[in-house]
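The structure is shown first.

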Amino acid sequence: MSNLGPDIDPNWEPASDAEARFAMLWVSEYPDIDLYTEYQFSKRKFRFDFCCPVSKVAIEIQGGTWTQGGHSTGHGIQSDYQKMNTAQMLGWQVYQLTPEQSLDTETWRCIAKCIRERTPKEKAA
């Protein structure tokens, strides 16, 4: 787990170019909202690409949408459904994005708004 605060953790290795771009752009646009990478949120060892644990808001960037990647096979879809169902049972709000959607500033605004609204007042910076 790495922090994407004002400075991206130099030890973090993104799983894709889309994750790397999202992280750099998010930090420049929303330096006041810390996200964490590869955050394990359940005993089943499911992890989120990015999340704000205090607000229980997560971001998943789903690669391989158009290339029959791992998330678009029967096994991959079943695993993703298990992960999302587990997240919902634990109270998480999860945004699932394609690499293209992860670069959309309107999508970022919606996510940032959700994080701010779901952050308990005593935890807010």
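The points below are grouped by topic.

This is a predicted model, in which local features need pLDDT of at least 70, side-chain atom pairs count only at pLDDT 80 or more, and totals for chains, interfaces and linings use all residues. Residues are numbered from 1 along each chain as its sequence is written, and side-chain values use heavy atoms, with hydrogens and water left out.

**Overall fold**
- The protein has three helices and five strands, taken as DSSP runs numbered from the N terminus (helices H or I, at least four residues; strands E, at least two).
- Along the sequence, these elements follow the pattern β-α-β-β-β-α-β-α.
- Of the 125 residues, 39% count as buried, where buried means under 20% relative accessible area, exposed over 50%, and partly exposed in between (1.4 Å probe, protein chains only).

**Nonpolar cores**
- A nonpolar core is a set of buried Ala, Val, Leu, Ile, Met, Phe, Trp, Tyr and Cys residues joined through side-chain atoms within 4.5 Å.
- The largest such core holds 19 residues, of which Phe22, Trp26, Leu35, Phe50, Ile59 and Ile115 touch the most other members.
- Two or more residues of this core come from each of helix H1 (17-29), strand E3 (47-52), strand E4 (57-61) and helix H3 (105-118), and H3 gives the largest share, five residues.
- A second, separate core of nine residues includes Phe41, Phe48, Trp92 and Val94.
- Beyond its neighbours within four places in sequence, Trp26 is in contact with Pro31, Ile33, Leu35, Trp108, Ile111, Ala112 and Ile115; contact means heavy atoms within 4.5 Å.

**Helix H3**
- The buried residues of H3 are Thr107, Trp108, Ile111, Ala112, Cys114 and Ile115.
- Because they cover an arc of only 160° around the axis, they lie on the same side of H3; the arc is that of the directions from the helix axis to the C-beta atoms.
- Their cover includes H1, strand E2 (35-40), E3, E4 and strand E5 (93-97).
- The face of H3 turned away from the buried side carries the exposed residues Lys113 and Glu117.

**Cysteines**
- The whole structure contains zero disulfides, a disulfide being a pair of cysteine sulfur atoms within 2.5 Å.
- The sulfur of Cys51 is 7.2 Å from the closest cysteine sulfur, in Cys52, too far for a bond; Cys51 is buried, with a relative accessible area of 0%.
- For Cys110, the closest cysteine sulfur is that of Cys114, at 9.2 Å, which is also too far for a bond; Cys110 is partly exposed, at 38% relative accessibility.
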